[in-house]
Amino acid sequence: MKRSFDEIRTVLDAMNVSVPVYMGSETKLSACTTEELSPASSFLIEEAMQEDTKPLYVLCLGAITNIAAAIQACPDIASQMTIVWIGGHGHDVIGATDDREYNAANDIDAINLVLESGVTFWQIPKNAYNTIRISLAEIQNRIAPCGNIGKHLFENMVAYNHSQHAGWTAGESWTLGDSPAVGVVLDPDCGKYHDVSAPIINADTSNSFEFGRPTIRVYTSVDSRFILEDLSHGWSFCTNSSKYIFNAYTFLEGHFIYSCATS
């Protein structure tokens with residue numbers, strides 16, 4: 001958690017952008033208490049309970065612990081926001097699986113609490129987010145020249161790919177699996193989706209289904225061209241005005257909150 005927090009600060013510094021960053025929970029939901037909420041969960045409650053007609057989108061790019069803890073402490077916020085979550089399997093993955101999806105596996109109790117809460121919920125599961133593929137050559141050519149942030153991201157990617165931890169990667173490509181969360185909020189129709197009953201996420205991150213569950217939106221595909229072109233053109237503004245790229249994501253007079261927690 002501390003490393004993720006510090007990296008967010010590093011990225012913001014590289015973009016010359018100043019926005020609040022809040023530390024998330026360092027434990028899973030089962031160890032959280034309403035008396036000791038993380039700063040991130042407390043901020044979410046404060047933001048959601050404001051008297052404001054603008055939409056609130058909460059983009060969760062990892063474990064959903066902070067959001068779950070906020071809803072557990074203040075259930076009224078569930079009707080005040082839309083959660084966009086990168087995680088879980090497609091709903092055809094039913095029953096036992098050896099393929100544990102990382103974001104769901106980080107906190108099974110947390111995702112199940114959120115899915116049961118009735119909050120407006122858009123899920124982008126693994127079979128959809130895994131399609132956002134980009135080669136290292138494209139990152140070098142299109143993103144690395146984009147000021148300090150482009151240089152930082154490219155050098156980090158190269159360093160990781162040469163480390164002992166990179167044996168699981170394809171080597172010359174990467175999946176920008178978190179980016180669809182931004183894409184579907186910029187344009188909800190930048191992918192195919194349908195509304196279904198919320199699954200129960202099992203311990204192995206497969207799905208189970210029961211009658212009477214809340215309805216959620218599930219994306220079965222996303223438009224990689226739209227998402228990657230928006231990303232690369234957005235980064236290009238960082239060479240001249242990092243403020244512009246940040247403002248580009250304050251859209252429709254709404255609000256973004258990013259949640260990148262890992263347990």
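Okay, let's start with the cysteines: searching the whole structure turns up zero disulfides. This is a predicted model, by the way, so keep that in mind as we go. C74 is buried, at a relative accessible area of 17%. C190 is buried as well, and its figure is 5%.

Now the overall picture. The protein chain has eleven helices and ten strands. How much of the chain is buried? Of its 263 residues, 49% are. And if you take the contacts between residues at least 6 apart in sequence, 77% of them join residues at least 24 apart.

Right, on to a helix pair. Two packed helices are described by the angle between their axes and the distance between the axes. Here I've picked α2, residues 39-48, and α3, residues 65-73. Their axes come within 8 Å and cross at roughly 55 degrees. That angle makes α2 oblique to α3, and the crossing is right-handed.

So which residues of α2 and α3 meet? On the α2 side you've got A40, S41, L44 and I45. Facing them from α3 are N66, I67, A69, A70 and A73.

Next, a loop residue, V119. Where does V119 sit? You'll find it in the loop between α5, which covers 108-116, and β3, which covers 120-124. Buried or exposed, then? V119 is buried, because its relative accessible area is 3% and the cut-off for buried is under 20%.

What does V119 touch? Setting aside residues up to four places away in sequence, the partners are A78, M81, I83 and V114.

Last stop, H152. That histidine is in helix α8, residues 147-161. Its relative accessibility is 18%, so with the cut-off at under 20%, H152 counts as buried. And which residues is H152 in contact with, once you leave aside neighbours within four places in sequence? Those are E7, T10 and V11.

To recap the three stops: α2 crosses α3 at roughly 55 degrees, V119 is buried in the model, and H152 contacts E7, T10 and V11. Okay, that's me done, over to you for questions.

Technical notes
Residues are numbered from 1 along each chain as its sequence is written. This is a predicted model: local features need pLDDT of at least 70, side-chain atom pairs count only at pLDDT 80 or more; totals for chains, interfaces and linings use all residues. Side-chain values use heavy atoms; hydrogens and water are left out. Axes are lines fitted to C-alpha atoms, for helices over the stretch in contact, and angles run from 0 to 180 degrees between N-to-C directions. Helices (H or I, at least four residues) and strands (E, at least two) are DSSP runs, numbered from the N terminus. Angles under 35 degrees count as roughly parallel, over 145 as roughly antiparallel, 65 to 115 as roughly perpendicular and the rest as oblique. A crossing is left-handed if the near helix is turned anticlockwise from the far one by less than a right angle, and right-handed if clockwise. Contact means heavy atoms within 4.5 Å. Buried means under 20% relative accessible area, exposed over 50%, partly exposed in between (1.4 Å probe, protein chains only). A disulfide is a pair of cysteine sulfur atoms within 2.5 Å.
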